[in-house]
Amino acid sequence: MIQDIAPMKFHNEYQQRECRDKDIVFLFSGNKLLVKKDSKISFFYMKEFTKELTKETEQEADGFGNKRLQYLFSIDDVQYYLLKVWSKEEAEKEVEKQLDEQGDRQSKKQNDNIGNMEWVTIRSLRETVSKKDCFAAATAYHLYVWYRDNRYCGRCGKKLQPDTKERMMRCACCGNMVYPKIAPAVIVGVIYDNKILMTKYSDREYKKYALIAGFTEIGETAEETVRREVMEEVGLKVKDIVYYKSQPWGFDSNLLMGFYARVEGTDAITLDKNELSLAEWVPREQVAGMDDKISLTREMMENFYKNGEKCLQ
């Protein structure tokens, strides 16, 4: 899956670190990431950014102790940073600075291409970069969304400051502490008579087969979420709920928890068309080759192909 990058090691402990030429810098604009595109897509090294940015990392860039570069995490010895810009306009200005530094004053925007730079959607990286790079970008995006959406205190409205000892935003006025948002959600492989229930989302960018999925609600266990989501989306009761494994999913700030469950009673589907465009029973032998080595959902499909109803043991 996306997080399985061994023998490389992911270090998510928060530290104050000094950036180096070989470190990676992410610049986001909404759900898009600025990448280099030559023969393949790659990310920007610190040494490729403007000298102005490098100088700014050595001093505070505003009155609240916030620097424009935020350390995120490391993979092996490579450190990853976020360039903290929060609007499309700010992001475009950063691109202009890059072009100025390169001496490249060609048209800033032509089919989303800027010199050898391009804005790509985060989700598109699933099919265009290595698993390690996809994991790094998704995790960085998870933190970008959190930093972007927590600049001001939800309790008193004052500006929040990054803590120096842990990954947390702190309000100097009222003492409020804000940690990264992680939303628990379930993925469910519903099994009946050596078949698995496969679905397609309604009105979403992702058009391939999926499994039943949904967020855990307040006061609810993960197993209760499984029962509720299956009933809401396809009108089926389930039993024999078995935990499979979990996965961080930075694209949506989620922690996904995979379960298999057996249908209790009838297998007749009542489709919630607001959530799904399709739900159908697929025989085990037709689920071969589903694993994309990225998502928990696809691995669970492949696991069912290999093990059938043994998934429920």
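Reader: Is Phe73 buried or exposed?

Author: Happy to start there, with a word on the source: this is a predicted model, in which local features need pLDDT of at least 70, side-chain atom pairs count only at pLDDT 80 or more, and totals for chains, interfaces and linings use all residues. Residues are numbered from 1 along each chain as its sequence is written, and side-chain values use heavy atoms, with hydrogens and water left out. Buried means under 20% relative accessible area, exposed over 50%, and partly exposed in between, using a 1.4 Å probe and protein chains only. Phe73 has 1% relative accessibility, so it counts as buried.

Reader: How are the rings of Phe73 and Tyr80 paired?

Author: Rings of Phe, Tyr and Trp (its six-membered ring) pair if their centres lie within 6.5 Å; planes under 30 degrees apart count as stacked, over 60 as edge-to-face and the rest as tilted. By this rule there are 16 aromatic pairs. For Phe73 and Tyr80, the centres are 5.1 Å apart and the planes are at 25°, so this pair is stacked.

Reader: Which residues do ring pairs link into a cluster?

Author: Tyr80, with 2% relative accessibility, counts as buried, and Tyr80 and Phe73 are both in the cluster.

Reader: Which ring does the charged end of Lys47 sit over?

Author: A charge sits over a ring if NZ of Lys or CZ of Arg is within 6 Å of the ring centre and within 35 degrees of the ring normal. Lys200 gives one example, lying over the face of Tyr209 at 4.9 Å from the ring centre. The charged end of Lys47 is 5.9 Å from the centre of its ring, which belongs to Tyr45.

Reader: How many residues of H3 are buried?

Author: Helices (H or I, at least four residues) and strands (E, at least two) are DSSP runs, numbered from the N terminus. H3 covers residues 131–149 and reaches 27 Å from its first C-alpha to its last, close to the 27 Å expected at 1.5 Å a residue; the expected span is 1.5 Å times one less than the number of residues. The helix is largely enclosed by the rest of the structure, because its buried residues number 15 of the 19.

Reader: And how many of the twelve residues of H5 are buried?

Author: The end C-alpha atoms of H5 are 16 Å apart, which agrees with the 16 Å that its twelve residues should span at 1.5 Å a residue. Among its buried residues are Leu296, Arg298, Met301 and Phe304. H5 is mostly covered, and its buried residues number nine.

Reader: Which residues are the closest to the centre of the largest pocket?

Author: On a 1 Å grid over the protein atoms alone, a pocket is an open set of points where a 1.4 Å probe fits, with protein on both sides within 12 Å along at least five of seven lines; lining residues have an atom within 4 Å of a point. The largest pocket holds about 850 Å³ of space, a volume being the space filled by probe spheres set on the points. Of the 33 residues that line the largest pocket, the closest to its centre are Arg123, Arg126, Tyr201, Tyr206 and Trp249.

Reader: Which elements each supply at least two residues of that pocket's lining?

Author: Two helices are named here, H4 (222–234) and H5 (296–307). The strands are S14 (183–192), S16 (212–215), S17 (237–249) and S18 (254–264).

Reader: Where is Asp193 found?

Author: Phi of Asp193 is near 55°, a positive value in a residue other than glycine. At 56% relative accessibility, Asp193 counts as exposed. Asn194 also has a positive phi, of about 60°, and is partly exposed, with a relative accessible area of 30%. Asp193 is found in the loop between S14 and S15.

Reader: Which residues does a cis peptide bond join?

Author: Most residues other than glycine have a negative phi, and most peptide bonds are trans. Here the cis bond has an omega of about 10°, and Pro7 is in the segment before strand S1 (10–11). The joined residues are Ala6 and Pro7.
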